[in-house]
Amino acid sequence: MQDILTEIGRQFCLPGTFSSYDTVKNGNINQTYKVTYRTDSGEKTYIFQKVNTHVFRNPEEIMENIGRVTAHIRRKCPERPTLFFHRTFLSGSPDGGVNFVHDADGGFWRVMDYLDSVVFDSCDDPSVIRAAGKAFGEFQRQLSDFDGSLLHETIPDFHNTRRRLDTLFADARRDIAGRTSDVLPELRRFRTYYKEATDLCDRFAAGKFPPRVTHNDTKANNVLFDRKTLRPLAVIDLDTVMPGMAMYDFGDAVRFLANTAAEDEPDTEKVSLDVGKFTAFAEGFIGEVKDSLTSEEIDGMVQGAFSVTVELAARFLDDYLTGDPYFRTDYPEHNLVRAHCQLRLAEDILSKTPLLQQIVRKIG
Ligand code: GN1
Ligand code: MG
């Protein structure tokens, strides 16, 4: 791996000499490395990322989106750190090349400056959870005047829950990995939730909610925090920034951060929605966006959490049924375990909906 990383750094003309690297493990799609160079003035650390081109079929388009979005945020909040992607310097090119390179096997790479920070895969401190909510809310607000038609749709129908569920049922019928007979009870559970889980995206498609420019992958570990003050520094992982629903950004964050267990907890007895964490996140997020959203959007937040959780359960189960081509797995049943965990969480969100709805109304 070191040879490949050195070659990527060389293409970006990074100053100094390659010193060391670590693999960064959070993330199910791209491969991420923290790479340190030694220079005359000390050490400098970068994030090298190999983009998964099975998932992102047109990676140049992601880089174009990211360039536009980060430039917009930098213009609006010049005092804040934003993600800085390195460019290649092509001789004769006035704007200094492009923000990606290829390795010898055609792999697609990008390099950004490392921001000294901490991230949380899980967190119990309500003030940090509230701050994560504020950070994602602020991100959405910063992009509220960004023209969404300038963005490429990097993964078509990414949060089209109806399409995701229909794909699951179609793949269950095709049964290419011979696993459908293992999951008949799970498939029945998806049928039970079909109507409730597809309602928001159907209403969105019918124009009942305004399209917003959304992040679409609001896992808590996509917020970088200052090590000392624990204040949010920046929102990362901008590959899926596209027009979408505000409620799904809220919901996806809650799904990840307010789960009493990990996203892939095998013991579903441990899985439930932590109402305290939900409240802290809602205070941060909704407090930040409520003036720029309609009351229908605020009212749809809890349903967003339920729908996106069912959607992800369906994506995990679909990946299991098709031989695990999409999400990184650590063991053969990993996607099935993830699907069970997310289904259990969705059911808990549903049963707590009246209470959660009350909390959201009060904040909104
Ligand atoms: C993927 O790679 P990561 O962790 O940023 C996925 C998200 C899922 C998430 C579940 C492009 O995100 O949609 O919610 O896994 N990203 C893509 O852990 O599919
Ligand atoms: Mg991601």
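User: What percentage of the 364 residues of the chain count as buried?
Analyst: The model is a predicted one. A residue is called buried when its relative accessible area is under 20%. Of the 364 residues of the chain, the share that counts as buried is 53%.

User: How many helices and strands does the chain have, and what radius of gyration goes with them?
Analyst: The chain has 11 helices and nine strands. The globule rule gives 21 Å for 364 residues, and the chain comes close to that value, so it is as compact as a globular protein of that length. Its C-alpha trace spans about 60 × 50 × 35 Å along the principal axes. The radius of gyration of the chain is 21 Å.

User: Among contacts between residues at least 6 apart in sequence, what percentage join residues at least 24 apart?
Analyst: A contact here means heavy atoms within 4.5 Å. Among the contacts in the chain between residues at least 6 apart, the share joining residues at least 24 apart is 73%.

User: Which residues coordinate the magnesium ion (ligand 2)?
Analyst: The coordinating atoms are OD atoms, at 1.9 to 2.0 Å. One of the two aspartates lies in the loop between strand S6 (212-214) and strand S7 (223-225), the other in the loop between strand S8 (232-235) and strand S9 (242-244), so the pair ties together parts that are 20 residues apart in sequence. In that order, the residues are Asp217 and Asp237.

User: Is aspartate 239 buried or exposed?
Analyst: Aspartate 239 is found in the loop between S8 and S9, which also holds aspartate 237. Aspartate 237 is partly exposed, with a relative accessible area of 26%. Aspartate 239 touches Asn30, Phe56, Ile62, Ile66, Arg110 and Thr154, leaving aside residues up to four places away in sequence. Its relative accessible area is 2%, and under 20% counts as buried, so aspartate 239 is buried.

User: Which residues does methionine 63 touch, not counting those up to four places away in sequence?
Analyst: Methionine 63 has its place in helix H2 and is buried, with a relative accessible area of 1%. Its C-alpha atom is separated by 8.7 Å from that of arginine 110, a residue 47 places away along the chain. The residues that methionine 63 touches are Phe85, Asn99, Phe100, Phe108 and Arg110.

User: Which residue forms a salt bridge with glutamate 64?
Analyst: The structure holds 22 salt bridges. In the one formed by glutamate 64, both residues lie in helix H2 (residues 59-76), four residues apart, about one turn of the helix. The closest N and O atoms are 3.7 Å apart, and the partner is arginine 68.

User: How far apart are the closest N and O atoms of arginine 227 and aspartate 116?
Analyst: The two residues form a salt bridge. Arginine 227 lies in the loop between S7 and S8 and aspartate 116 in the loop between strand S5 (108-113) and helix H3 (126-142), so the pair ties together parts that are 111 residues apart in sequence. Arginine 227 is partly exposed, with a relative accessible area of 44%. The closest N and O atoms of the pair are apart by 2.8 Å.

User: Where do aspartate 202 and arginine 162 lie?
Analyst: These two residues form a salt bridge whose closest N and O atoms are 2.7 Å apart. The pair links distant parts of the chain, 40 residues apart. Aspartate 202 is partly exposed at 29% relative accessibility, as is arginine 162 at 31%. Aspartate 202 lies in helix H5 (residues 184-205), and arginine 162 in helix H4 (residues 161-174).

User: Which residues are joined into one network by salt bridges that share partners?
Analyst: A salt bridge pairs a side-chain nitrogen of Lys or Arg with a carboxyl oxygen of Asp or Glu within 4 Å. The network formed through shared partners consists of Lys134, Arg141 and Glu288.

Methods:
Residues numbered from 1 in each chain as written. Chains lettered and ligands numbered in written order. Predicted model: local features only at pLDDT ≥ 70, side-chain atom pairs only at ≥ 80, totals over all residues. Heavy atoms only, no water. Donors = N, O, S within 2.8 Å, 3.2 Å for Na, K, Ca; no water. Buried < 20%, exposed > 50% of the residue type's maximum accessible area, 1.4 Å probe, protein only. Rg over C-alpha atoms; globule rule 2.2 N^0.38 Å.
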